[in-house]
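Dear colleague,

I am handing over the structure we spoke about, with my notes on it below. Please read them alongside the coordinates.

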Amino acid sequence: MTTHTETPEAAPIVELIGVTKDYPLGKLTVPALRGIDLAIARGDFIAIAGPSGSGKTTLLNLVGCVDVPTAGAVRIGGQTTGELKETQLTSLRLHKLGFIFQTFNLVGVLNVFQNIELPLLLQGGLSKTERERRVAEMIEKVDLTPQTRQRPNELSGGQRQRVAIARALVTRPAIVMADEPTANLDSGTGGAIIELMKEINRVDHTTFIFSTHDAHVMSHARRLVELVDGRIVSDRAPDRQAQPEGA
Amino acid sequence: MRGTGILFRMALRSLASHKVKSLIVGSIMLFGTALVVVGTALLDSVEAGMQQSITKSLSGDLQMYDSEAKDDLALFGGMAMGADDYGEVPDFARVQTVVEAVPGVEAVVPMGIGLATMSRGSELDRTLDALRQAARAGTIAGEQGQALVARLERLIDLLRTELINSRALLQDTTEVDAQIASIERARGDAFWAEFAADPVAALDFLDSKVAPAGGEGLLYYLRYLGTDLDQFARYFDRFRIVEGEPVPTGHRGLLINQRFADSQLKLKVARLLDDIHDAMTQNGARIATDPALTAKARQVASLYGAISLMLSPEDAHATETELRRALGITDGTLDTLLEALLTVDDANFAERYALFYDLIGPRITLYPYRVGDVVTLRAWTRRGYMKSVNVKVYGTFKFEGLERSELSGAANLVDLMTFRDLYGQMTAAQEEELRAIREEVGLEHVGRADAEAAFFGGDADSQVTGAEAFGTFDEMHPPTSDERSDERPSEAARRTITDETFTREQMLDGVVLNAAVILDRDAQGGTGDIEVARVRVQAAVDAAGLKLKVVDWRAASGIIGQFVLVVRGVLILAIGIIFIVALVIINNSMLMATLERVREIGTLRAIGAQRSFVQAMVMIETLVLGLLSGTAGAGLGAGIITWMGHVGLPATSDILVFLFSGPRLRPTFGASHLLIALVVILIVSLISTWYPARIATRVQPVEAMGDA
Ligand SMILES: Nc1ncnc2c1ncn2[C@@H]1O[C@H](COP(=O)(O)OP(=O)(O)OP(=O)(O)O)[C@@H](O)[C@H]1O
Ligand SMILES: [Mg+2]
């Protein structure tokens, strides 16, 4: 298989080797991924596409270290996740990874500033001023400065997703996972979110891995991986023209 | 822990956004804390009050008694009604020397408790006594003297009727016949001529031949505490003389407990009226609605006959006139007037009560003794024979603040020498003499306990008639008629008291049953200090080889001392139950809150929060709530106690007067009460959140995914 990378000499930041994931369902097991081999280069901007139930979320969860594979190995920056203890996995999520959820998942009792500050507080180590500077900078970047002190329920969907992006990026993670980041947004807002992600990818070289159903969103990716029934069926550069969804 | 600041912020925000849950859990915690503060503060105040009542009236801080005693010391009365065996302390002087040398000990006061009957002769005896005094003063011919003579004639007539009635029931009538013959002589004109000529000789005749037939008069049971009366007055702060004077140093004497007198000795009709009066004025009870008062009121009305008998003819006349005017009744006899007076209801009670004490009270004997009287105390000594001692009533006393408490009437006071006489401590010569007498009459040794069981029977009422009491004595010790007249010496001899005074050394050198240890005033702090002193005193008596048991006031007082322990147990149980309920409720609502927050917790885990963070988040939330509502609850509790301390809790029953150490409890609280309550509520918070917190830590990061 081929990899699309701007710095071909560097080792891949994410590697999936013969990964399968089965979910137990009563006495049955549901195979969600069946033998995935995938390498993702640092700074890539990659879309995972595929029909519903094809295993996109499962794949992102494995890369995002919120789950471990049934068989095979997931390597993040050279570390095999299955070999890490729970606390180490958590620490990996905190320091190396960022998560943008389809449903935003902001902490309702905290305002915009506090939500974005939260991962920095969990990390510790920064002085209060440095931390506040970083948060403010992040808020500026996602263009939410007027909403700094508002609670999530006082924001629009696009604003919430921008808070989620800011929260995922504030720790300057190496990899950001986004599971259908635009699915709950209208197409205009969704486009703006993708633009924002692209901008950050371009400036900070943050690796983005996102899933989507939306052909327009796919067209922004540098690399498009298509899943069907837990298998990779295609791995290519997306068409630059927006196309109707589906295979 | 990283992010402690955010944890508190999240806790507060979370509490604010789950208002109903926070309110329910918070109010449970608030009331729980308030309950702990109020409960413990009240209990400590009651304990302090009780300590006052007990230590400043009878026990002192510590008590010492025979380490081989069969029964536990019970100063306020035990199970056996005076038959308790506390062993004895043979050499008090030595004990005092040893224990007063212990640092922190201020004084050691000797004591001995016993039960005796008290009698003051019959109405006939007392009339003869008064006439003898009148004869000595030469006032027999005067108005008062003639009134006494009139009463004497009436009493002799009554006695005659009584004897003739009883004669019909007897098989052997020789004794009664002789008595009746004497009475017939006393009723003859010749006798009264003799009386006018030589009253003293006539009185001697009546004293020796007629009065014995009249019996002993009324007998009363009396629990007494023999002690060093000077020391007692000095170290027992609650002690106050009510009437009369303290027994002079070195003299024998009896001080009657005013509470005991009012509740046991006082004339029944007056006692009932007092009861009704107290219930109405202090507790706001009403005769019409309170069944106990209704019964008492009915009983009062039935007792008019007892009063008319006690009135002298001229008093009877005056009373009749005055009653007619006061009640506005023109016809009827004195008895019907008295019955009308004593027929009380809610409307007329106050007026009738006042009339009784204004018109009747001064003319009858409300108490069977008067200050200055000489009474006869009789008790079974521990060797099983009966001992009588004549002793002067110097006065009555009370324990201040405890006037209304039945328990404060637990003991009357006598000097230590009288106690020893009644206890039966004898010199070697006396013992030898007694042994000789015993052999002569073939009297078997009677165990003290058996004797008292027979003596006191099962009847708890203090008052017995002379005839009944002597009937019981006769079974124990069937007297020949010679012995009987020996036992009942002439009136003059019976009323003789020893003029002998005693020195302090004589008083201290001898047997006592127990001793109170008074600690230095500044050392008398909490229970801890007293326990330290107790251990020290115990060590000192052990080292000196004295076979003594040293107990604190609580243990020495008997069942009443355990009261606070029992109440404390009940309170702890109640608080425990309330907190278990609180625990379940807090646990449930926290669990529900946790389950509602699974996605949020999953999100936190997914973005890199460790399990420990999640656990802390849930726990801190409850802790913050516990701290806030606990502080508010402690404040509320402190407020309630302050308010109670301000208005005072009325002691609505006798036992409460004792427990409160006065008519009202004014509770106070200390920092410790607030602190204990806060600590308790925080512990409860932590325990109740343990399980929800555990559930929260089990939430997986993937649970952040999925639909909102
Ligand atoms: N927790 C689970 N328990 C059991 N089966 C699961 C679980 N999660 C996913 N699956 C199954 O695994 C397969 C892959 O699911 P996954 O959520 O990865 O698909 P997806 O591509 O993200 O679909 P969608 O586009 O609908 O989000 C599906 O068949 C699904 O039913
Ligand atoms: Mg999915």
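How many salt bridges does the rule find across the interface of chain A and chain B? The rule finds two, a salt bridge being a side-chain nitrogen of Lys or Arg within 4 Å of a carboxyl oxygen of Asp or Glu. In one of them B:Arg611 is paired with A:Glu86, with the closest N and O atoms 2.8 Å apart.

This is a predicted model, in which local features need pLDDT of at least 70 and side-chain atom pairs count only at pLDDT 80 or more, while totals for chains, interfaces and linings use all residues. Residues are numbered from 1 along each chain as its sequence is written, and side-chain values use heavy atoms, with hydrogens and water left out.

The two chains bury about 2,400 Å² between them, 60% of it on carbon and sulfur atoms; buried area here is the accessible area (1.4 Å probe) lost by two parts on being put together, summed over both. In chain A, the residues that lose the most area to chain B are A:Glu86, A:Val109 and A:Leu122, together 22% of what that side buries. The contact (heavy atoms within 4.5 Å) takes 27 residues from chain A and 26 residues from chain B.

Best regards

How values were computed:
Chains lettered and ligands numbered in written order.
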